[in-house]
Amino acid sequence: MPSSSTDDPAFDRLLEYVEDSLQFQTSSYNDAYLDRRISARMRRRRVDEYETYQEMLREDEEEQQALLDALSVNVTSFFRNPDVWEALREVLRDLSSKGSRRDPIKVWSAACSDGREAYSLAMLAHDDDQVDERRIEIVGTDIKREILRAARTAEYRASETNDVAEQLDPIGDWKRYVDKDGDTFRVKDKVTDMVRFNRRDLIREDPPGTFDLVVCRNLFIYINAESKRAVFETLGSALEPEGYLTIGMTETIPPRVRKQFDPVEKRLRIYRATDAAVQR
């Protein structure tokens, strides 16, 4: 195995392939993290060279999915895939332009992990003068109680594989929303006050209400086809008429429920509910 991936052109070419062909944004992560995950897959497949592994990926769809799974496991960040967040800015603007100024705009961060996605949504609302953050109500849910406890603390530590400041770069002057004390970053009250967290099993339980925007990213790569359909049905039933759904960049809507969602930004996996989705 190469000892230093950062100076290896073959490693760079492999990352380009993963980003361009598998639609996984490797540029969002540092090389050390990516090398650890990729090298683990290479050892499992008994491959020693990056070029050989890239050829394997081209020919083996199961290995493609296995690598994507490995790269995504336990990975969460603020503003993951910045292009998606710029598109979500437009979604919040669209929702803000509709209805009465007193009507809340309800957002659900499903499978919210440690809260960074939900807080990113709140920061995005604060950041845009075309969005009235006072109307935004965000619910974050996850099945793991311990991860929800971490989300409620709203504190995140920087480390070798978790550059919090870099994650916050897409929002610009992030110190408006996050306090920094050494390696610890704490989300400010004006952001956390917009979010509440609850435990939810997306497969077995009904949604916690109806929403104008549902964000459920990077969950479906972990679950089987039957569970995936069940979750999509739950998400569809949670959407208000013409509500928006966003899923992960490497994920797809199952054929059996595809009629419930019209693409708005297909490359970025942003959809709008059809009549079939909101017939409850």
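Mentor: Happy to! Let's begin with the terms: buried means under 20% relative accessible area, exposed over 50%, and partly exposed in between (1.4 Å probe, protein chains only). The model is predicted, so local features need pLDDT of at least 70 and side-chain atom pairs pLDDT 80 or more, while totals for chains, interfaces and linings use all residues. Residues are numbered from 1 along each chain as its sequence is written, and side-chain values use heavy atoms, leaving out hydrogens and water.

A salt bridge here is a side-chain nitrogen of Lys or Arg within 4 Å of a carboxyl oxygen of Asp or Glu, and the count comes to 20 salt bridges. One of them joins Arg13 and Glu51 at 2.8 Å, N to O. This pair links distant parts of the chain, 38 residues apart: Arg13 in helix 1 and Glu51 in helix 3 (residues 50–59). Helices are DSSP runs of H or I with at least four residues, and strands are E runs of at least two, numbered from the N terminus. Glu51 is partly exposed at 48%, and Arg13 is partly exposed too, at 39%.

Now compare Arg89 and Asp128, which meet at 3.1 Å, N to O. Arg89 lies in helix 5 (residues 82–96), and Asp128, 39 residues apart from it, in the loop between helix 6 (116–127) and strand 2 (136–142). Arg89 is buried at 10% relative accessible area, and Asp128 is buried at 3%. Both belong to a salt-bridge network that also includes Glu86, Glu90, Arg93, Asp127 and Arg176.
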